[in-house]
Amino acid sequence: MEISSGGGMVLEGVHSSVAALDALDCEDAFLAAGVGVGAGVDVLQRRYELRLERLEVTRRLKAQLAAVEARDAVECVGFQQALLAPDAPVHERTFAEMSAVEEIAGVLTISSGAAGAFVEQSRRVCALPPVLEALAAGDLSWQHAKIVADETEGLTPDGAAALVAHFFDPDAPNPARGAPPGELVPSRFRTKVRSWRERHHPETLEKRHAKGVADRRMEYTPDRDGMAWISLHLPGDTACAIWNRTTATARGLQGPNEPRTITQLRPDIAASLLLGTGTPAREAAAGEAAGRTGDAAGTGADSVSGTGSAAGSNSDIGRVPTPRADVLVMVPAFSLLGQTDEPAVLDGFGPIPASMARKLVADGAESFYRVLVDPRDGAPLEIGRQRYRLTETIKQWIRMRDGKCTFPGCSNHTPDNDTDHLTAWENGGTTGTNNLAQLCPKHHRLKHARPWIPDPATHNGPPGWTSPTGRHYKPEHPDPEPTHWPPGLFPMPAVTQGVDPGPDDLPRWEPEDPEFIDLDDLSPEDPLWDDFFRMPFAQFPDSVGARL
């Protein structure tokens with residue numbers, strides 16, 4: 001039966017991992033007893049490294065056991081169905097599956113609902129052979145596999161296969177770049193998978209967003225210890241702007257006389273603006289020094305009230321404002337002109353509908369920074385300047401290129417992340433984009449306190465990192481794709497058939513003329529970049545837009 005070969009393959013990986021654990025345990029026992037320890041061996045350092053190696057093997061073993069569980073759960077239900085007569089009525093098949101699910105719930109000591117969800121997720125994972133194979137090999141966790149199962153729901157079989165191929169088949173057209181799925185923390189992997197799905201979903205993002213907007217809501221959930229949760233389900237640009245505004249205001253309030261953390265300040269500021277109390281949730285600081293807290297809260301109230309016009313006045317709190325905090329939006333030119341509905345990318349959030357991006361450009365121009373992209377592969381090329389010095393423009397460029405703190409596993413994408421020199425200036429490091437990367441304050445301090453060594457960055461990719469024990473972590477690259485072209489723009493077979501042109505199909509971007517310079521040939525320190533960034537942004541004339 002098929003279960004024999006497949007189950008044997010999965011269990012072979014389990015046996016290998018268990019043997020590896022035994023070997024590591026034996027080595028640790030010898031070190032602890034001082035048996036066979038060489039003169040140059042640092043016993044404590046080696047035992048520390050052994051703990052890391054055992055954690056790595058147990059992570060792999062958990063994934064392999066998850067593959068065994070998923071396969072067995074699916075086949076439990078399958079065997080129950082096979083026991084029925086071929087012409088068994090639907091209700092008999094339903095009861096057979098219900099009975100199997102209840103048995104699985106009892107064996108795993110989980111609720112019936114959780115068991116039913118597990119069986120359904122297992123079905124989806126087992127229906128995607130590359131995902132099941134990676135799980136059985138221990139190359140990704142069950143949580144990663146569930147993400148693929150969740151994000152392929154609603155896609156056609158061909159669409160689901162294309163998504164899986166993009167992330168798991170290195171020979172697929174335009175495969176995912178950077179770290180493989182299992183080396184990304186699950187939240188970051190979901191972000192990459194969801195970004196791909198948004199571009200390739202059979203229903204346009206515009207239509208799905210319209211349905212989502214109709215479902216916007218506010219929820220209130222009491223919690224223990226006299227606390228409660230308030231949740232807002234809002235359009236992405238509005239939610240992102242609220243987060244950025246409260247973060248920026250909280251940073252401004254921090255100082256030697258402000259005892260609250262930024263995590264505490266964010267809800268205090270939001271409560272102050274919504275309630276119009278004049279003090280950012282003075283009660284939230286109960287238990288701290290009353291005098292200091294009162295002074296800090298009063299100071300914060302004055303600062304917060306000054307941003308009321310941007311965040312919504314108390315007299316008109318129901319009117320959602322246009323986000324005007326500094327924000328980067330990467331919009332394909334044809335989408336900006338209304339010729340296609342290709343999604344844009346909002347820094348700190350992800351794909352957004354083209355109409356939302358056009359609204360940000362039209363209504364939030366003071367804080368909107370255009371990002372030009374290469375039509376051949378969708379990678380960012382240049383960021384526009386309005387009121388920033390060149391150094392600030394480079395910081396914004398790094399922010400768009402990296403998307404978040406580049407430290408392994410970190411998801412911090414707040415606008416006040418530091419732009420750090422990967423190789424310090426005093427050690428010969430330059431101020432070019434290849435030597436700059438985004439780091440959150442926590443990991444910026446760690447980089448200078450412990451030997452976490454970054455790789456050089458590239459013009460369109462963040463750096464990888466090497467840990468103090470020599471483990472290398474590949475960078476998390478974004479997955480840009482060629483932009484969508486309006487049908488009929490070029491008289492080429494690929495476009496007339498409704499397929500976006502590839503790099504070899506597009507017209508030449510530069511004439512064969514020695515007076516023209518390819519910017520890819522310039523070093524980051526070339527003074528010509530100063531002239532390049534000083535060039536003003538020229539909007540398309542109406543006549544050009546009409547022709548497009």
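The model is predicted, so local features need pLDDT of at least 70 and side-chain atom pairs count only at pLDDT 80 or more, while totals for chains, interfaces and linings use all residues. Residues are numbered from 1 along each chain as its sequence is written, and side-chain values use heavy atoms, with hydrogens and water left out. The protein chain has 20 helices and 13 strands; these are DSSP runs numbered from the N terminus, with helices being H or I of at least four residues and strands E of at least two. Buried residues make up 38% of its 548 residues, where buried means under 20% relative accessible area, exposed over 50% and partly exposed in between, for a 1.4 Å probe and protein chains only. Of the contacts (heavy atoms within 4.5 Å) between residues at least 6 apart in sequence, 56% join residues at least 24 apart.

**Helix packing**

- Helix α7 (residues 157-168) and helix α8 (residues 186-200) have axes that come within 11 Å and cross at roughly 135°; axes are lines fitted to C-alpha atoms, for helices over the stretch in contact, and angles run from 0 to 180 degrees between N-to-C directions.
- α7 and α8 are therefore oblique to each other, a class left over once angles under 35 degrees count as roughly parallel, over 145 as roughly antiparallel and 65 to 115 as roughly perpendicular.
- On the α7 side, the contact is made by Gly159, Ala162, Leu163, His166, Phe167 and Phe168, and on the α8 side by Phe189, Lys192, Val193, Trp196 and Arg197.
- By class, this contact of α7 with α8 has seven nonpolar, two polar and two charged residues; Ala, Val, Leu, Ile, Met, Phe, Trp, Tyr, Cys and Pro count as nonpolar, Asp, Glu, Lys and Arg as charged, and the others, Gly among them, as polar.
- Helix α2 (residues 43-82) packs with helix α5 (residues 129-136) at an angle of about 135°, with their axes 7 Å apart.
- Ala63, Gln64, Ala66, Ala67 and Arg71 of α2 meet Leu132, Leu135 and Ala136 of α5 in this contact, which divides into six nonpolar residues, one polar and one charged.

**Strand pairing**

- Three strands form an open sheet in the order β11-β12-β13, with antiparallel pairing; two strands pair if DSSP finds at least two bridges between them.
- β11 (453-454) and β13 (472-473) stand at the edges with a single partner strand each, so one side of each is left without a neighbour in the sheet.
- Two bridges join β11 to strand β12 (residues 465-466), and Ile453 has Thr466 of β12 as its bridge partner.
- Strand β9 (residues 418-421) is joined to β10 by four bridges, and the two run antiparallel; the partner of His421 in β10 is Leu436.

- Ala437 counts as buried at 1% relative accessibility.
- Beyond residues up to four places away in sequence, Ala437 touches residues including Ile398, Arg401, Asp418, Leu422 and Pro463.
- Ala437 and Pro454 are 17 residues apart in sequence, and their C-alpha atoms are 9.3 Å apart in space.
- Asp28 lies in helix α1 (residues 2-33) and is buried, with a relative accessible area of 7%.
- Leaving aside neighbours within four places in sequence, Asp28 is in contact with Arg47, Leu50, Arg51 and Arg54.
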